[in-house]
Amino acid sequence: MDHPISGWTRQRFGERAEHVRDAVVEALRAAVIDAQDAQKEGKSDKLYTFGWTLAVRKYERLIEALRDMDDVQLVRPAGSPHNLVLFGDNLFYPFRYAKDGATALRDARVTDGRVSAMVAELFQRFGPEPTHQADPLPLFALDSETSTDDDEFRSALDMLPPTTKLILVAFACNERSGLIDAAWGEGELLDGAGHLRWLPGCYEPLPVNATVTGPPISVPQPRPAGDTVGNTRFDNGTMPTVPLSARPPVERANNDVFPPVIERAPETLEADEEDR
């Protein structure tokens, strides 16, 4: 089934609109699957593992999905280990707005608690002009404990194009059902509790139930007992080759984030359930 591209999506992403949209959907789906796998391996009835993994992988999977495209840059918020993707003049911010399918998109919130200073800054700089804000949010204020990361964050934001728009990527999921629903678009932050007002004509649902494109995955079938046809010994197979490819442009432009390595170093993840 075809899923038409909206006028807003065409305007924001041009001729690559469908490619970008499908890549974002696959990134969300992969991030949720990663969280489900982590929860299963954790063998716990508590959902901390699912939440922590999702909080990290929703950013990383988005980077993996888009980094081979031109015009991609990474922006690292202050005090956060995560990078946001800047595609052209579109700054993506992914967040889980619901844990089931009962919450309507119009009731979406960017957080379960209070809006962080980082998120408020993103909306104030790159969101639409406030029209219905219940309690004005103060601009991000640096305190006496300001770190170098804070200065780098503000410098990075100052360097972004003045035409940059904050693109909200909202999704609903849970550890049992996986990815349930998703949408993207532009929205206004209404209050400190994270309520949103989606701009009319500037958002659309994402086709999370679309058939995954690409070749089907081949699943080897068990060989019947006594069948000796073919290469039955483990050492009779063809030696594999190692494909070589150039580093994507975004990796070459962000050597501090993607340093060239021969062997991948072990990663130490900092768990933060929702990164709010």
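Me: Hi! Where is Thr111 in this fold?
Reply: Thr111 is in the loop between β3 (90-98) and α4 (117-126); helices (H or I, at least four residues) and strands (E, at least two) are DSSP runs, numbered from the N terminus. This is a predicted model, where local features need pLDDT of at least 70, side-chain atom pairs count only at pLDDT 80 or more, and totals for chains, interfaces and linings use all residues. Residues are numbered from 1 along each chain as its sequence is written, and side-chain values use heavy atoms, with hydrogens and water left out.

Me: Is Thr111 buried or exposed, and why?
Reply: Thr111 counts as buried because its relative accessibility is 4%. Buried means under 20% relative accessible area, exposed over 50%, and partly exposed in between (1.4 Å probe, protein chains only).

Me: What does the side chain of Thr111 reach?
Reply: The backbone nitrogen of Gly113, at 3.0 Å.

Me: Switching to α3, where does it bend?
Reply: At Arg57, by about 30°. That bend is the angle between axes fitted to the seven residues ending there and the seven starting there.

Me: Which elements do the buried residues of α3 pack against?
Reply: They pack against α2 (17-42), β1 (72-75), β2 (84-87), β3 and β4 (165-174), where contact means heavy atoms within 4.5 Å. Arg57 is one of those buried residues.

Me: And Lys165, which strand is it in?
Reply: Lys165 is in β4, and at 33% relative accessibility it counts as partly exposed.

Me: What does Lys165 touch?
Reply: Leaving out residues up to four places away in sequence, Lys165 touches Arg12, Asp89, Asn90, Leu91, Phe126 and Glu186. The C-alpha atoms of Lys165 and Asn90 are separated by 5.2 Å, with the two residues 75 apart along the chain.

Notes:
A polar contact is a pair of N or O atoms within 3.5 Å; within protein, one must be able to donate a hydrogen and the other to accept it, and residues adjacent in sequence count only if both atoms are side-chain atoms.
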